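Grab your molecule viewer and work through these exercises with the model open. Try each task yourself before you read its solution.

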Amino acid sequence: MLIKIPVIKLFLYMERRQFISLSCFAGFITLYPNFLAIAGESSRAEKGFLMTVNGKIDANAMGFTLTHEHIVTDFKGAEPDTRPEYDNETTASLLLPYLKAAKKSGINTMIECTPAYIGRNVKLLRLLSKASGINIITNTGYYAAVGQKYLPKHAFTETSEELASRWLKEWNDGIDGTDIKPGFIKLGVDNAPLKPIEKKLIKAAAIVHLKSGLKIAIHTGNGAAAREEAEILMAAGVNPEALIWVHAQNDPSGYFHVELARKGCWISLDGINENSDSIVQYRNHIYRLKGEGLLHKLLISHDDGFAVTEVDGKAAFNAFENGNSAPYKTISGMLKPALSELGISSDEFKMITVRNPANAFQMKVCAI
Ligand SMILES: [Zn+2]
């Protein structure tokens with residue numbers, strides 16, 4: 001009851017116009033989650049949404065979601081002299097069968113984690129989303145992992161604020177001259193201790209998150225680096241719930257999973273593959289999180305996709321083959337039964353693959 005009093009006063013003292021702009025300001029909501037719980041008691045509706053390559057969808061419409069996958073990635077580096085060139089329509093028909101098979105297996109939404117300067121191609125994603133019926137979500141942000149090979153030159157010279165304004169422009173105006181907007185921020189960092197440029201990117205992500213509500217997914221080298229990320233974001237005023245720790249399987253003991261999930265961060269175990277050792281490893285991580293009462297902070301995915309290269313002057317697309325004979329299918333085909341044997345119920349599996357992705361990636365708006 002104590003916290004209701006200042007909120008009521010807040011309503012009374014604000015002009016209506018001020019209230020509209022403040023109540024739709026996602027950063028405010030992230031900083032003050034109680035505000036929404038209280039506002040929800042009034043007539044103001046609060047609704048979660050996702051930004052897909054085809055526009056907004058209700059968070060409840062996501063369904064079974066793979067939270068870390070790729071469609072096409074170009075590993076040549078940030079600014080090579082030449083890149084493999086390919087036609088979007090032809091490539092979409094080549095890759096469509098894999099998306100259709102995923103859709104048939106029950107997958108309804110895919111978070112596509114290929115950042116700018118590693119082959120992000122939002123027009124191709126839109127073609128494939130429309131043709132397959134799978135919601136696809138793309139990203140803004142830069143990838144500093146793998147020795148900063150995928151960072152454009154300006155990432156080294158610009159400030160956090162300048163980088164944030166580039167990413168916010170994509171959020172406000174669209175990506176690469178299209179009206180396709182990012183649905184989250186994607187960064188990449190190596191092991192701890194984080195380098196100055198990695199910290200700068202994380203601070204830029206904090207600025208973008210506070211202004212847009214976009215969640216922050218970070219490819220992370222190890223558990224200590226994930227802890228540093230959470231500390232930087234919290235120091236910038238970001239709720240730890242906004243951080244998705246990508247490749248949390250890089251912490252083999254699971255010690256940091258528990259520590260960061262308890263803080264509210266999302267634990268993304270996203271390299272699931274057919275290898276029997278891998279299935280056991282993931283199963284054990286998931287079982288530990290269940291034992292700690294933290295299954296509601298878990299995300300799972302394959303990190304599958306296709307690399308584009310140039311062969312005899314033509315673009316060629318090869319599946320990553322990181323242990324999966326075909327992309328996007330091991331979770332529903334192999335992991336689900338393995339978890340069931342371990343006592344993970346179908347309701348718990350649904351929470352991990354449907355409810356958690358919606359809670360992790362959704363943004364909030366107020367309907368006035
Ligand atoms: Zn990935």
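**Exercise 1. Is Val146 buried, partly exposed or exposed, and why?**

Solution. Start with the accessibility: Val146 counts as partly exposed because its relative accessibility is 47%. The classes work like this: buried means under 20% relative accessible area, exposed over 50%, and partly exposed in between, with a 1.4 Å probe and protein chains only. Next, find Val146 in the loop between β7 (139–140) and α7 (154–157). (Helices, H or I of at least four residues, and strands, E of at least two, are DSSP runs numbered from the N terminus.) Finally, check the backbone: Val146 is not a glycine, yet has a positive phi of about 55°.

A quick word on ground rules: this is a predicted model, where local features need pLDDT of at least 70 and side-chain atom pairs count only at pLDDT 80 or more, while totals for chains, interfaces and linings use all residues. Residues are numbered from 1 along each chain as its sequence is written, and side-chain values use heavy atoms, with hydrogens and water left out.

**Exercise 2. Work out which protein atoms are donors of the zinc ion, and where they sit in the chain.**

Solution.
- Step one, the donors: they are His68 (NE2), His70 (NE2) and Asp303 (OD), at 2.1 to 2.3 Å from the zinc ion. Donors here are N, O and S atoms within 2.8 Å of the metal (3.2 Å for Na, K and Ca); water is not among the atoms, so sites may look incomplete.
- Step two, the spacing: along the chain, the donors read H-x1-H-x232-D. His70, in the loop between β3 (65–69) and β4 (72–73), and Asp303, in the loop between β12 (298–300) and β13 (306–311), link distant parts of the chain, 233 residues apart.
- Step three, burial: His70 counts as buried because its relative accessibility is 9%, and Asp303 is buried too, with a relative accessible area of 16%.
- Step four, the backbone: Asp303 has a positive phi of about 65°, although it is not a glycine.

**Exercise 3. Look at His302: where is it found?**

Solution. His302 is in the loop between β12 and β13. With 0% relative accessibility, His302 counts as buried. Now draw a C-alpha to C-alpha line from His302 to Thr67: they're 235 residues apart along the chain, but 8.6 Å separates the two atoms.

**Exercise 4. How many aromatic pairs does a search of the whole structure find?**

Solution.
- Begin with the count, which is 9. Rings of Phe, Tyr and Trp (its six-membered ring) pair if their centres lie within 6.5 Å; planes under 30 degrees apart count as stacked, over 60 as edge-to-face and the rest as tilted.
- One of them is Phe64 with Phe349, edge-to-face at 6.1 Å centre to centre and 85° between the planes. Phe64 sits in the loop between β2 (55–58) and β3, and Phe349 in helix α14 (residues 346–361), so this pair links distant parts of the chain, 285 residues apart. Both Phe64 and Phe349 are buried.
- Another is Tyr255 with Phe256, also edge-to-face, with 5.4 Å between centres and 85° between planes. Here Tyr255 is exposed, at 52% relative accessible area, while Phe256 is buried, at 15%.
- Then pick out the aromatic cluster of Tyr117, Tyr142 and Trp167. Trp167 belongs to helix α8 and is buried, with a relative accessible area of 1%. Between the C-alpha atoms of Trp167 and Thr140 there are 5.9 Å in space and 27 residues in sequence.

**Exercise 5. Find the rings that Lys56 and Lys297 sit over.**

Solution. Lys56 lies over the face of Phe49, 4.5 Å from the ring centre. For Lys297, the charged end is over the ring of Trp266, 3.7 Å from its centre. The test is that NZ of Lys or CZ of Arg is within 6 Å of the ring centre and within 35 degrees of the ring normal.

**Exercise 6. Which peptide bond is cis at Pro193?**

Solution. Go to the loop between β8 (184–188) and α9 (196–212), where Pro193 is found. The cis bond joins Ala192 and Pro193, with omega about -5°.
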